[in-house]
Amino acid sequence: MQTEYRSEVEAADALKRAYDLARTEIAKVIVGQDDVVKSVLIAVFSNGHCLLVGVPGLAKTLLVQTVARVLDLNFNRIQFTPDLMPSDIIGSEILGEDRNFKFIHGPVFSNIILADEINRTPPKTQAALLEAMQEKSVTAAGVTYKLQQPFFVLATQNPIEQEGTYPLPEAQLDRFMFNVSLDYPTFAEELQVVKNTTGTSVADVNKILNGEQIMYFQQLVRNIPITDHVLEYAVKLAAKTRPQGEMATPLVKRLLNWGAGPRASQFLVLGAKCHAVINGKYSPDIEDVQAVAKAILRHRIVRSYQAEAEGMSTDQIIEQLF
């Protein structure tokens, strides 16, 4: 697949084809979880990071490994534990044989980082990823090192077992484009999973894209035109979540303590652009904004005590804002 096209319309069609092919290849390994795969690929093409929240055994790690294989990207897995140190992630300086200090790169120097159970490690170590996620670089001993491009953090989190965990601070949660919830497979899907994984056959996936092509498509997504009324809708949607803001409804003031910041507005627009292209459109509409809104907003709003007492989930509150 080339990265030079006669027009951006032709390039957009190529992105849709690449997305469809990637979905097909991933489906050879991952049964079901269509919305999750869709969200991860949108995050990749939008140059965002993804937080995958689900109970153990739902193939979160396998999904990330498969995505890395299909996109032909370098992949490193970091298992977050209570004793993990920042230097275990970004690397450290050592004294070489020539009596000079040299920097040894940590596992963060890769295209795709799987931060497995990111809430199992203390805030000091969680924060080691902050600069990498935002600036695409790390600083050690006063020297800044650029990371490989493209660069994505795909983190997993277990929502059930909270004993001995360290919830991610809001500043770090805000750096994830998507918070994707994984649910149990249907009976038919689980039957297929067991059939595929208890035999001797191993699915072989083809490489669809490489790093250079992904970066080209990331720039293409930014170039997708968007009408003023869709842009205003996306920004208003984020603004409506702020109970102290002028656009807050009585419902929001009652159910939310904190709302989403400007980064949510940016991701709503980028996500809507990418969602439009992979569905064969050349400009997003309001439905595209709504399609990505829950995954973008659910980790950026804080429910009030009243909302919790009434059993209102963040997704239900977001639906009320559409």
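1. Let's start with a pairing in the sheet: Cys50 has Phe178 as its bridge partner in S9. Cys50 belongs to a stretch where strand S1 (residues 50–53) and S9 run parallel, joined by four bridges. Please keep in mind that this is a predicted model.

2. Stepping back to the whole sheet, five strands make an open arrangement in the order S2-S5-S8-S1-S9, with parallel pairing. Strand S2 (75–79) and strand S9 (178–181) are the edges, each pairing on one side only. From one strand to the next, the twist averages 20°. As a reminder, strands of a sheet pair through backbone hydrogen bonds, either parallel or antiparallel.

3. What packs on this sheet? Helix H2 (residues 34–45) does, touching S1, strand S8 (152–157) and S9. The direction of helix H2 makes about 165° with that of S9.

4. Leu52 deserves a look of its own. Leaving aside residues up to four places away in sequence, Leu52 touches Val36, Val40, Lys60, Leu63, Val64, Ala155, Thr156, Gln157, Val180 and Leu182.

5. Asp116 is found in strand S5 (residues 112–116). Is Asp116 buried or exposed? With a relative accessible area of 6%, Asp116 counts as buried, because the cut-off for that term is under 20%.

6. Which side chains make polar contacts with that of Asp116? One is the side chain of Thr61, at 3.2 Å, and another is that of Thr156, at 2.6 Å. Apart from residues up to four places away in sequence, Asp116 touches Thr61, Arg77, Ile78, Gln79, Phe80 and Thr156. Thr156 is also on the list of residues that Leu52 touches.

7. Finally, a record to set beside the model. The UniProt annotation "domain: ChlI/MoxR AAA lid", from an unreviewed entry, covers residues 252–320. In the model, that span is 65% helix and 7% strand, and its end C-alpha atoms lie 9 Å apart.

Key. Residues numbered from 1 in each chain as written. Predicted model: local features only at pLDDT ≥ 70, side-chain atom pairs only at ≥ 80, totals over all residues. Heavy atoms only, no water. Contact = heavy atoms within 4.5 Å. Pairing = 2+ DSSP bridges. Helix = DSSP H or I, 4+ residues; strand = E, 2+ residues; numbered from the N terminus. Axes fitted to C-alpha atoms, helices over the stretch in contact; angles between N-to-C directions. UniProt positions renumbered as here; feature names shortened; annotations may be inferred. Buried < 20%, exposed > 50% of the residue type's maximum accessible area, 1.4 Å probe, protein only. Polar contact = N/O pair within 3.5 Å; in protein donor to acceptor, adjacent residues only side chain to side chain.
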